[in-house]
Each structure stands twice: as structure tokens, then as C-alpha cells.
Amino acid sequence: MAKVAIVMGSDSDMPVMSKAADFLEEMGIDFEMTIISAHREPDIFFEWAKGAEDRGVKVIIAGAGKAAHLPGMCAALFPMPVIGIPMKTSDLGGVDSLYSIVQMPSGVPVASVAINGGQNAGILAAQILASSDAELLQKLKDYRETMKDSVVKKAQKLDEVGYKKYE
Ligand code: RP5
């Protein structure tokens, strides 16, 4: 059963949302992914969000742009964590999406990542699940080590080409 549900308002969100999916795949986490617009098809959206708990979903990752109500409405209907991804937009640069997602009223939180922060949403969902999954927690620790090693290698490369080292 899918533990994470990824939902986005439009196929135009896919390049960002796929980064969350890629990370979940890398961690071996089952997920479902769909496109539903809370504004353009509210009936379908309600059915999907209300059924998520029964489908075994533990975390929802919801991405949307402009008047980005999708993550907030997921949080209104789903009782477990919802992570919002604000999409960068052509007119207001994604600040519209960000404000729509983070400014939730008390009692109905949405955890927001940065504008276009697809990968971080996947990481955060994995971290939430890892609080009760020791094997997944170890995978996340290994991922951090890999990340650290890649930065160390970048610094070594800088040394090799002769730039002065920061001390
Ligand atoms: C939102 O409106 C979507 O999440 C998308 O980011 C934005 C634009 O959608 P399209 O006009 O590209 O379908 O609902």
C-alpha cells in the first residue's frame, strides 16, 4: 500500500513534483501520484482526499501554484501530515503560491518547503515515516553521509585546481 500520496494541481507542476517522487523511489517508499485540481474538480478532489487514510496513506505531498489551495484543503480533510510545495509562477514568482500554502489558520497546519522544493518535500516525507521505521532511518542517515562526501569532494577539487583554501 502507498504510504505517501503525491498530488498536484496540474501537469505543469510535474517537473517539480517528480523530484519528490524520485527521492521516495530512491528510499524504497511506496507512493501514489495523481493530478487533481481542487478548484477545477472539487468533487473528485474531496473523494480522493477523504479516502487517503483508508488507502493507507500516512503523509500527503501536495504541490500547487498561484492561489494554491490544494495543500490546505488536503490538510482540512486528511488527519496526518501534509507537506505543501509552492510552485514558481510566471506573474508573481511563486510568492503567491507560498503565501497561499503557509498562511494556514490555527488548527490546520501545512508544512511548506521552499518554492519549487520538490526534493525536500520527498526528504521530509521520508523523515516523518522514519520516526517509526528504523530501516528507513538508516537509509536517510546514509543519504546524508553521501551528501557530505559529495561536498568534501567538491572542496578537494577546488584545492586541486589551486585555489586558496578557506580556514
Ligand atoms: C494550479 O494552477 C496548478 O497547481 C498550477 O501550478 C497552476 C497553473 O495550472 P495550469 O494552468 O498550468 O493547468 O492549479
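**Around the ligand**

Let me begin with aspartate 13, where an N or O atom of the side chain is 2.6 Å from an oxygen atom of the ligand, a polar contact, that is, a pair of N or O atoms within 3.5 Å. Please keep in mind that this is a predicted model, in which local features need pLDDT of at least 70 and side-chain atom pairs count only at pLDDT 80 or more, while totals for chains, interfaces and linings use all residues. Residues are numbered from 1 along each chain as its sequence is written, and side-chain values use heavy atoms, with hydrogens and water left out.

In the side chain of arginine 40, an N or O atom is 3.0 Å from an oxygen atom of the ligand, and at glycine 65 it is a backbone N or O atom that lies 3.1 Å from a ligand oxygen. On its own the ligand has 360 Å² of accessible area, and the protein covers 72% of it (Shrake-Rupley method, 1.4 Å probe).

Which residues surround the ligand? They are Gly9, Ser10, Ser12, Asp13, Arg40, Ala64, Gly65 and Met87, where near means having a heavy atom within 4 Å.

Moving on to the backbone, lysine 66 has a positive phi of about 65° although it is not a glycine, and asparagine 116 likewise has a positive phi of about 65° without being a glycine.

Technical notes
Polar contact = N/O pair within 3.5 Å; in protein donor to acceptor, adjacent residues only side chain to side chain.
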